[in-house]
Amino acid sequence: MSTRGTVLHSHGPGEQLKAEEVELTAGPGETLVEMRLAAVTALDRSTLAGKQPSVPFVPGSEGTGVVVSSEVVEAGTAVLVRGDGVGVTRPGVWGQYAVVPDAAVHRLPSSLEPGAALTLLTQALTAHTAVRRVADVLKGETVVVTGVNGLLGRMCAAIARSAGAARVIGLVAMEASVDAASALVDQIVRVDGLGQVGRELQWCDAAIDTMGGPVTGGVLGHIAPGGRIAVLGYKAGEFTTIDLHQLIGRDLRVLPVNLQRTALTPDAVGQALADIAPASWRAEYDVVAADRAGDALDRQAGRVLLDLTALRLA
């Protein structure tokens with residue numbers, strides 16, 4: 001299917017984006033999407049700094065919209081577009097319409113507002129990797145999530161539940177608020193700055209550690225034989241003490257979550273969004289008109305989304 005629409009073209013490093021009307025045709029294995037919102041990501045900034053493969057080039061590696069035509073998704077379906085080279089090795093989503101590979105199209109859960117989905121996606125993929133890929137949480141397991149009061153910790157708890165965990169226990173610092181996390185876990189346990197965990201912490205099969213520091217060593221003492229801990233943060237400190245007698249005697253595994261060395265599976269984006277969809281999330285972002293994309297690129301702080309719905313030739 002073909003259509004005409006306005007896109008933002010980059011004609012080379014350092015040049016301003018220009019709105020231009022083009023013909024877009026979706027071929028075999030491709031989906032035509034009417035775009036609504038697009039994120040301004042670090043990858044987009046890098047691409048526009050001079051790493052685009054050709055000129056003129058349409059940037060934009062993440063966005064949301066509605067399917068116009070596709071062999072794999074029904075027309076009218078709300079989707080998030082990400083992956084398979086979109087916005088990096090092939091034209092991106094900064095336009096009224098985008099032609100993207102079928103593999104880059106992911107259904108958007110109805111309970112997730114599109115702007116929130118784009119804003120939360122990076123954290124959701126990090127949590128998805130930690131829980132489902134690295135820790136490989138299984139149905140019926142007891143899982144501990146440290147730092148469960150933070151956004152990443154809450155997502156790990158939600159994804160552990162979605163993965164089938166029978167019991168999810170959240171660890172938080174003594175002074176931390178637990179209001180946002182209480183609905184996601186079965187139990188809250190406090191941990192002090194020395195990593196000392198209360199006796200009420202049960203044995204667990206797996207732990208997802210977003211805190212690091214002495215907390216990591218403290219949690220190891222509560223993991224059942226053959227269990228594992230996936231470590232993806234160290235805001236409580238970069239160093240910990242590990243009891244090698246426990247580690248060897250109980251056959252425990254300490255698993256680093258390294259996103260640069262962990263390739264996402266084709267269904268990771270859709271699965272991550274589906275995993276977090278049942279919970280309520282607060283997402284903070286600003287929306288600017290697509291014709292002000294240059295202003296959005298100049299901003300160094302905060303999450304910025306482009307409104308593509310009113311993109312027209314000047």
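1. A quick definition before anything else: a helix axis here is a line fitted to C-alpha atoms over the stretch in contact, and angles run from 0 to 180 degrees between N-to-C directions. Keep in mind that this is a predicted model.

2. Start with helix H2 (residues 114-134) and helix H6 (residues 268-276): their axes come within 8 Å and cross at roughly 100°. Angles of 65 to 115 degrees count as roughly perpendicular, so H2 is roughly perpendicular to H6.

3. Who makes that contact? On the H2 side you'll find Ala117, Leu121, Ala124, Leu125, His128 and Arg132. H6 brings Ala268, Val269, Gln271, Ala272, Leu273, Asp275 and Ile276. Sorted by type, the residues of this H2 and H6 contact come out as nine nonpolar, two polar and two charged.

4. Next, have a look at the open sheet of six strands. Its order is E10-E9-E8-E11-E12-E13, and the pairing is parallel. Strand E10 (187-191) and strand E13 (253-256) are the edges, each pairing on one side only. On average, neighbouring strands in this sheet are turned by 20° against each other, ignoring direction.

5. Within that order, strand E8 (residues 142-146) pairs with strand E11 (residues 204-209) in the parallel sense, over four bridges. If you want one to click on, Val144 has Ala207 in E11 as its bridge partner.

6. Last, Thr3, which sits in strand E1 (residues 2-9). Is Thr3 buried or exposed? Its relative accessibility is 16%, and buried means under 20%, so Thr3 counts as buried. Leaving out residues up to four places away in sequence, Thr3 touches Val22, Glu23, Leu24, Leu32 and Tyr97.

Technical notes: Residues numbered from 1 in each chain as written. Predicted model: local features only at pLDDT ≥ 70, side-chain atom pairs only at ≥ 80, totals over all residues. Heavy atoms only, no water. Helix = DSSP H or I, 4+ residues; strand = E, 2+ residues; numbered from the N terminus. Parallel < 35°, antiparallel > 145°, perpendicular 65-115°, else oblique. Contact = heavy atoms within 4.5 Å. Nonpolar A, V, L, I, M, F, W, Y, C, P; charged D, E, K, R; others polar. Buried < 20%, exposed > 50% of the residue type's maximum accessible area, 1.4 Å probe, protein only. Pairing = 2+ DSSP bridges.
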